[in-house]
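Dear colleague,

I am handing over to you the structure that we talked about, and below it I have set down what was found in it. Please read the notes with the structure open beside them.

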Amino acid sequence: MRITQGAFSFLPDLTDDQIRSQVQYCIDNGWAVSLEFTDDPHPRNTYWDMWGHPMFDNPDAAALLLELRECRKVYGDRYIRVVAFDATHGWESVKLSLIVNRPAEEPGFRLSRQEGAGRLVHYTTTPYAADRPAGNRYAS
Amino acid sequence: MSALAEAAPPTAEIPAAVDLREEFESSGVKDVLAELDRDLIGLAPVKKRIRETAALLLVERARKRMGLAHETPTLHMSFTGNPGTGKTTVAMRMADLLHRLGYIRKGHLVSVTRDDLVGQYIGHTAPKTKEILKKAMGGVLFIDEAYYLYRPENERDYGQEAIEILLQVMENQRDDLVVILAGYAQRMDRFFESNPGFRSRIAHHIDFPDYTDDELFRIAETMLGQQNYHLDNPAAEAMTAYIAKRRGQPHFANARSIRNALDRARLRQANRLFETATGPLDAEALSTISAEDIKASRVFSMPGNKASGLGKGDQ
């Protein structure tokens, strides 16, 4: 099951050139771009691991692509996303994020139901990938 | 026949002819070169090389448009010359030129020295160098006194690591940034001898000649003019004498020496006005540098030989 988080995730995967234009758009808006990766695709897992520092003073998207290539070499079997952070006063938050790398196979989520008192049911989703220990979740 | 036609990529229509003159004017290259001619005094060989480089790039661009060339030409350069001969200034113009020709996307100049690239302990150098390279992407990376990167006397020096990363990026990301190395001619030669990788990756070597006395005088006048100062006639003579004497003394740094001399002359002028003025001063008095402001310089009281010159400089 294809994970859809962040911008453009219902589209086919962006090519590197398309990523470059998106990132350049972010930089031209004055947002700091950075890379984050994870192997826990649960939608509530907002804190992904950082790849390097946010790039506050790089005027060109080539710098991010350079890092993306490096990151793919190491974590090519995980999810990698570009995060664009707007540091202006009053915002100080992420303005745009998009997935730029995903595992070859995405097993999807298990839905479990827990029956409580009366007829109450609690629903929980668990990524199948999370059954395996962190670091070995997606065979590359 | 039809197979050939099919094989051709479906690009936008390829122009049958290119008017280089028109390209030259519309791309803004003409303005950059004219500015270079107007603003920079002397440096005739440098200007000639830049003109040639610009011509090459224009032709290359036209060829690309016609589908004759595919590879980006190597644009990494080395600027060699004595201190104060305008290497940084020209590098800045170069960034502008390359930007207007579309060879770099942003046209900014990141000027660094060894300290910015090389770390102090193991594992510190690579991130530091990469950080700078990332900052320079889309523009020009100007490495001043590049030969300090390589220290043959210390085999565990981290400079080598920075050099390796630089070479890798220079080779693989020619579209993304242009590297300009700068430094004194002899030491740069030695640097290239011990790092053949650099030599082969740098296509353009530009040598910056020293300024003549006459050019230095014109530079002095221009610098003062920009700050709304001027020399009166005796001061102009004093300045000419100053330049001739200063050249023979140690630590002579061409235009930079002149700039420093002028800064000190302004200081003395201010002091003189402060001490001698009895009534209100007009703009003329406030912007005139007179002979005594220049004549008071140490240069006139110093013999042209090195040992005593250094001793005095320390005081």
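To begin with helix α9(B), its buried residues are covered by elements of chain B that include β1 (77-81), β4 (178-183) and α10 (196-201). Please bear in mind throughout that this is a predicted model. The helix itself covers residues 185-194 of chain B, and the residues that are buried in it are Met188(B), Phe191(B) and Phe192(B). Looking down the axis of α9(B), one finds these buried residues within an arc of 95°, so they line one face of the helix. The face turned away from that buried side carries Gln186(B), Glu193(B) and Ser194(B), which are exposed.

Turning to the nonpolar cores, the largest has 77 residues, and among these the ones that touch the most other members are Val33(A), Val82(A), Val140(B) and Ile180(B). The element that gives the most to this core is helix α2 of chain A (residues 62-75), with seven residues. As for Ile180(B), if residues up to four places away in sequence are left out, it touches Met77(B), Phe79(B), Ala91(B), Met94(B), Val140(B) and Phe142(B).

Chain A has two helices and six strands, and from the N terminus on these follow one another as α-β-β-α-β-β-β-β. Of the 140 residues in chain A, 29% are buried, and the C-alpha trace spans about 60 × 40 × 25 Å along its principal axes.

Four strands of chain A form an open sheet with antiparallel pairing, in the order β2-β1-β3-β4. At its edges stand β2 (49-55) and β4 (93-101) of chain A, each of which has a single partner strand, so one side of each is left without a neighbour in the sheet. On average, and with direction ignored, neighbouring strands of the sheet are turned by 20° against each other. Strand β3(A), residues 79-86, pairs with β4(A) in the antiparallel sense over seven bridges, and Val82(A) has Leu98(A) in β4(A) as its bridge partner. Helix α2(A) packs on this sheet and touches β1 (32-38), β2, β3 and β4 of chain A, while its direction makes about 10° with that of β1(A).

Lastly, where the two chains meet, nine residues of chain B are in contact with eight residues of chain A, and the side belonging to chain B consists of one nonpolar, three polar and five charged residues.

With best regards

Key. Residues are numbered from 1 along each chain as its sequence is written. Chains are lettered from A and ligands numbered from 1 in the order in which they are written. This is a predicted model: local features need pLDDT of at least 70, side-chain atom pairs count only at pLDDT 80 or more; totals for chains, interfaces and linings use all residues. Two residues are in contact if their C-beta atoms, placed from the backbone, lie within 7 Å. Ala, Val, Leu, Ile, Met, Phe, Trp, Tyr, Cys and Pro count as nonpolar, Asp, Glu, Lys and Arg as charged, and the others, Gly among them, as polar. A residue is buried if 20 or more other C-beta atoms lie within 10 Å of its own, exposed if 12 or fewer, and partly exposed in between; C-beta atoms are placed from the backbone. The arc is that of the directions from the helix axis to the C-beta atoms. A nonpolar core is a set of buried Ala, Val, Leu, Ile, Met, Phe, Trp, Tyr and Cys residues joined through C-beta atoms within 7 Å. Two strands pair if DSSP finds at least two bridges between them. Axes are lines fitted to C-alpha atoms, for helices over the stretch in contact, and angles run from 0 to 180 degrees between N-to-C directions.
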